[in-house]
Amino acid sequence: MWLVTLIGLAGTALAVALAGRRVLFLYKLAKSGQPAPDRVASVKRDPKGDVETQVVEVLGQKKLLKWTVAGLAHFFVMWAFILLITVYLEAYGALLLGLDFHIPLIGTWPVLGFIQDFIAIACALGLLTFAIIRIKDSPKRLDRKSRFKGSHTGGAWLILFMIFNVIWTLFFFRGASSALGNLPYKSGAFVSIGVGKLLHPLGHSTLEVLEKVGLLMHIGVALVFLVIVVNSKHLHIFLAPINVMFKRRPDGLGAAQPMMSDGKLLDFEEADPDEDVFGRGKIEDFTWKGFLDFATCTECGRCQSQCPAWNTGKPLSPKMLILELRDHAFAKAPYILAASDEERAKLPASVKAEAERPLVGGADVNGVIDPDVLWSCTNCGACVEQCPVDIEHIDHILDMRRFQVMIESSFPSEAGVMLKNLENKGNPWGMSEMKRLEWMEDLDFEVPVIEDAMPEDTEYLFWVGCAGALEDRAKKTTKAVAELLHIAGVKYAVLGPGEACTGDPARRLGMEFVFQMLAQQNVETLNEAGVKKIVATCPHCFNTLANEYPQLGGTYEVVHHSQLLAKLVDEGKLVPIMPINENITYHDPCFLGRHNKVYTQPRDIMAKVPGVKTQEMHRHKERGFCCGAGGARMWMEERIGKRINTERVDEALETNPDTVSTACPFCLVMLGDAINEKKNSGEAKESLEVVDISQLLIKSVKGEAPQEAVGAE
């Protein structure tokens, strides 16, 4: 037995040394990144929330279980890793203290033996499920449609093989132990005991050899597995709980993060582009949390399968973006970690070449990330929502955009017009500020306009937004909401010419300076007026006011019009009376749904309107599909692949709707344009229209037809 112990300990020491060396390398690489004090500052951490997140997302596998079969398989495999630690305690106990070792107190409890064997069998079934899924969804068979397209599938098969080896060696070792009477469980461990009965006829001496061989094999497989894991994408086994712990609360969506340099907020008045970090211009500019994201990626492709850009033929795959950044970081690591220029001079030419690669650039400069990848993103959040290990793709894309826009002045030319209009006129269309009042002209009641302070007894500031005030189709929503609030007796006022763009398009494009200019102007206006509560019809304005303005000293109670209207209907202050006998499908705006989790109120409003029959699109709520306007894409041409709004309307048409409803002016425009194209081609009926939910509600409440809906012409 001493020889078995010696071999086991020597193998353990070697494996731990190899794994430890890799872990040290990864730690040094991550530490070389920019600080991220907001991730660890005690004042910003929520210990209770951290524990709940670990329980729900890591132990409960909440996100993966949304994928039913694959999620359930992963649930059992993950729990096998946790519960079978007890088997390895027994194995090392047998190696060091004798083959009849058992864990103190609980080591002979039949229930523990049953749990060990059950989870091992469940794990084996999970492996079989994974194998079937990988064969069925093989990139070679499905090409672009496979979520595994671009993943390192060979490594995945190796991991499945190694886990299988853990399972069969477990039963081999425990079966021999059972046959010899050394297994701590006389009942409960049903598979191990069954294997023992099969092996028993081999005789005592043979079984003794098999038990020792099985013990070494079981330990050896785990040690080889350990070394493979820390050198592969399956590092997420250890890193996922850490990444989940340090994610942005509550889920990495909502607010775009402010620009940071060396762990501090970037002050544009004093910033120096030569010394401060403006976004991400090279891999070293990412924070340690960014490096953690890269190393945690499981290559599962769930983000890719939900990405509207990827699904419409664009080059952006959120998964591949993270993998390309990861691979570049690993390839450049010797250069990053070199202690001096002399050490760097001695590095291989391949490392030096990698170090010289631009982070963003086309094929002509061999950039790590192609510009078309960067500018295809709509910031819809589908990737972040679906990622089982909480990687924050949007943050990384936005930070790279910031460098391109603010330092390189490299971005789609048409977006430059939008930026100039924001700077000069305070709105993306470049219209006069006085036009912000024109939407009121046809109202039969007066809407108070704030000049200095909120009028007395006024509860809400109605944030009309640029689209709601200036875009003809969105004005219809504004008027409907204004009328509904008036009918319900809600006291509200507007800023009129005093309102400027929230800055969302500039920030999501990457022009943080313009965003801060507009945001600070608005915060000053709102604070001086004494605004406490705001209702907004645009989810982008809603998200910016509620989640991003607090970064600049503007903290308000912000609601979306769908939330307020649903509340007024529930309270009986708005009573839908006229039936609308239509089949209606609802489109979830990304910045209302995924970014702010407002799913029920728009649907509640439609449910209260008599006659309405709702039919969900196959991608809805948290899996809703973007209209294509987010991430400043509203002001960029869509030249690659299928138009995202066309794809979304194709999904809507599958429900055979009479009306498509939504709750966002951007979605209203994008879906309306696509519907009109479908009408012109004869693919959609002429009566099909897209309306805001407020238009449906006002029609039913007033008992009369609303103003002409988008797409009805």
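**Figure 1. E548 and R507 in a salt bridge.** E548 is buried, with a relative accessibility of 0%. In this predicted model, the side chain of E548 meets that of R507 in a salt bridge, with 3.2 Å from N to O. R507 is likewise counted as buried, at a relative accessible area of 1%. Because E548 belongs to helix α27 (residues 539-548) and R507 to helix α25 (residues 504-509), the pair ties together parts that lie 41 residues apart in sequence. Through shared partners, salt bridges join R280, D399, R402, D504, R507, R508, E512 and E548 into one network.

**Figure 2. D399 and R402 within helix α21.** A salt bridge links D399 to R402, and their closest N and O atoms are 3.0 Å apart. The two residues are three positions apart in helix α21 (residues 393-406), so about one helical turn separates them. Both D399 and R402 are buried. These two residues also belong to the salt-bridge network that includes E548 and R507.

**Figure 3. R326 and D327 in a salt bridge.** Side chains of opposite charge can pair when their charged atoms come close. R326 forms such a bridge with D327, the closest N and O atoms being 3.2 Å apart. R326 is buried, with 8% relative accessibility, whereas D327 is partly exposed, with a relative accessible area of 37%. In total, the structure holds 49 salt bridges.

**Figure 4. The open sheet of β4, β3, β5 and β6.** Four strands make up this open sheet, in the order β4-β3-β5-β6, and their pairing is parallel. Strands β4 (492-493) and β6 (557-560) stand at the edges; each has a single partner strand, so one side of each is left without a neighbour in the sheet. Strand β3 (residues 460-463) pairs with strand β5 (residues 533-536) in the parallel sense over three bridges. Within this pairing, F462 stands opposite V535 of β5. Helix α28 (residues 561-570) lies across β3, β5 and β6, and runs at about 80 degrees to β6.

Figure 5. Strand β9 (residues 659-662) runs parallel to β10, and four bridges join the two strands.

**Figure 6. Cysteine pairs without a disulfide.** A disulfide is a covalent bond between the sulfur atoms of two cysteines. The structure holds zero disulfides. For C667, the closest cysteine sulfur is that of C627, at 3.8 Å, which is too far for a bond. C667 is buried, at 3% relative accessibility. For C377, the closest cysteine sulfur belongs to C383 and is 6.3 Å away, again too far for a bond. C377 also counts as buried, with 7% relative accessibility.

Technical notes. Residues are numbered from 1 along each chain as its sequence is written. This is a predicted model: local features need pLDDT of at least 70, side-chain atom pairs count only at pLDDT 80 or more; totals for chains, interfaces and linings use all residues. Side-chain values use heavy atoms; hydrogens and water are left out. Two strands pair if DSSP finds at least two bridges between them. Contact means heavy atoms within 4.5 Å. Axes are lines fitted to C-alpha atoms, for helices over the stretch in contact, and angles run from 0 to 180 degrees between N-to-C directions. A salt bridge is a side-chain nitrogen of Lys or Arg within 4 Å of a carboxyl oxygen of Asp or Glu. Buried means under 20% relative accessible area, exposed over 50%, partly exposed in between (1.4 Å probe, protein chains only). A disulfide is a pair of cysteine sulfur atoms within 2.5 Å.
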